[in-house]
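Here is a friendly tour of the model on your screen. Have the viewer ready, and we will go through it topic by topic.

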Amino acid sequence: MNPLLDIKNLSVTVGCQADAKSILDNVSFSVGKGRIMALVGPSGSGKTTAGMAILRLLDQALIVRSGEVLFENEDILAVPAQRMRRVRGAQIAMVFQEPLDAFDPLFTIGQQIDEVLAAHTDLSSQERHERVLEVLSQVQLPQPGRVVRRYPHQLSGGQRQRVLIAQSIACRPKLLIADEPTSNLDVVAQAGIMDVLRALKNRAGVSIILITHDLGMVAHIADDAVVLCEGRVVEAGPIGDLMTNPRHPYTQAMVEVFR
Ligand SMILES: Nc1ncnc2c1ncn2[C@@H]1O[C@H](COP(=O)(O)OP(=O)(O)OP(=O)(O)O)[C@@H](O)[C@H]1O
Ligand SMILES: [Mg+2]
């Protein structure tokens with residue numbers, strides 16, 4: 001079966017001079033349907049860049065030099081911008097690394113999720129309202145009817161992270177890219193987010209790219225992992241193999257800490 005996402009030989013540099021600094025060097029990996037793929041690696045190894053490149057949201061300074069990003073067999077690096085806007089959000093969604101910036105403090109949670117639905121779907125306002133409540137309960141927030149009326153600052157960090165996931169899945173994307181979704185949370189809130197991601201995979205069949213440093217999280221919920229170091233894939237495979245027989249020194253060190 002073809003994977004949902006297949007990245008082939010993706011290279012990204014800072015600027016486009018001949019001696020430009022390489023950020024991603026010939027990166028290839030794929031994400032199967034309904035699987036959670038962990039993208040791990042040290043800080044600065046290119047994880048966020050890979051996520052942004054998939055969505056074509058790279059900073060202007062970063063240039064895709066070569067490669068393909070096949071989503072359902074279509075190279076989305078090559079489609080017109082207008083089509084890409086439809087893929088983004090509705091087919092592939094991303095939960096970004098810095099959640100506080102992600103909210104507008106002047107609008108309620110309900111309004112912010114509704115806005116995404118209004119932009120990407122033809123649902124009526126009543127249908128959108130129902131969908132907002134539905135996704136808030138999907139991310140296991142109690143009393144969605146009250147959460148919709150809250151402003152971002154009235155929620156805890158863990159609750160805000162759930163809302164971000166709710167917002168990103170509102171349009172039923174097939175692929176969710178979650179960039180460090182638990183990095184600022186305590187262990188209880190982290191476990192809650194893991195539950196949410198697992199349920200999304202199991203109940204809604206969403207494929208997930210989970211970007212994280214947290215090997216505990218990877219070991220618990222990922223099916224596969226890709227290890228990036230200095231912009232290169234140094235190891236990839238089913239998570240069980242990686243945990244029992246890590247080959248690259250970074251992976252070995254990571255697994256050692258976890259043991
Ligand atoms: N706009 C930019 N201009 C120049 N260099 C950049 C830019 N964005 C990222 N980089 C560089 O690209 C490299 C990869 O950055 P990236 O944010 O993808 O790393 P990361 O693996 O997500 O790290 P972290 O775990 O800290 O989030 C880093 O060396 C970073 O300094
Ligand atoms: Mg990052």
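Helices α6 and α7 (residues 187-204) pack at an angle of about 15°, and their axes lie 9 Å apart. Please keep in mind that this is a predicted model.

**Helices α6 and α7**

- Because angles under 35 degrees count as roughly parallel, α6 and α7 are roughly parallel to each other.
- Their crossing, that of α6 and α7, is right-handed.
- On the α6 side, the residues that take part are G157, G158, Q161, R162, I165 and I169, and they meet A189, G192, I193, V196 and L200 of α7.
- Sorted by class, the residues of this α6 and α7 contact are six nonpolar, four polar and one charged.

**Helices α3 and α6**

- Helix α6 (residues 157-169) also packs with α3, here at an angle of about 25° and with the axes 8 Å apart.
- That angle makes α3 roughly parallel to α6.
- The crossing of α3 and α6 is right-handed.
- From α3, the contact draws on I109, Q112, I113 and V116, while α6 supplies V163, A166 and Q167.
- By class, five residues of the contact of α3 with α6 are nonpolar and two are polar, with no charged residues.

**A closer look at V116**

- You will find V116 in helix α3, which covers residues 109-120.
- Is V116 buried or exposed? It has 22 C-beta neighbours inside 10 Å, and 20 or more are needed to count as buried, so V116 is buried.
- Setting aside neighbours within four places in sequence, V116 is in contact with G89, Q167, A170 and C171.

**Around ligand 1**

- How many residues surround ligand 1? There are 14, and the closest are S43, K47, T48, T49 and D59.
- Helix α1 (residues 47-54) gives the largest share of this shell, with three residues.
- By class, the shell around ligand 1 has eight polar, four nonpolar and two charged residues.

Technical notes. Residues numbered from 1 in each chain as written. Chains lettered and ligands numbered in written order. Predicted model: local features only at pLDDT ≥ 70, side-chain atom pairs only at ≥ 80, totals over all residues. Near = placed C-beta within 6 Å. Helix = DSSP H or I, 4+ residues; strand = E, 2+ residues; numbered from the N terminus. Nonpolar A, V, L, I, M, F, W, Y, C, P; charged D, E, K, R; others polar. Buried ≥ 20, exposed ≤ 12 C-beta atoms within 10 Å, placed from the backbone. Contact = placed C-beta atoms within 7 Å. Axes fitted to C-alpha atoms, helices over the stretch in contact; angles between N-to-C directions. Parallel < 35°, antiparallel > 145°, perpendicular 65-115°, else oblique. Left-handed = near helix turned anticlockwise from the far one by under 90°.
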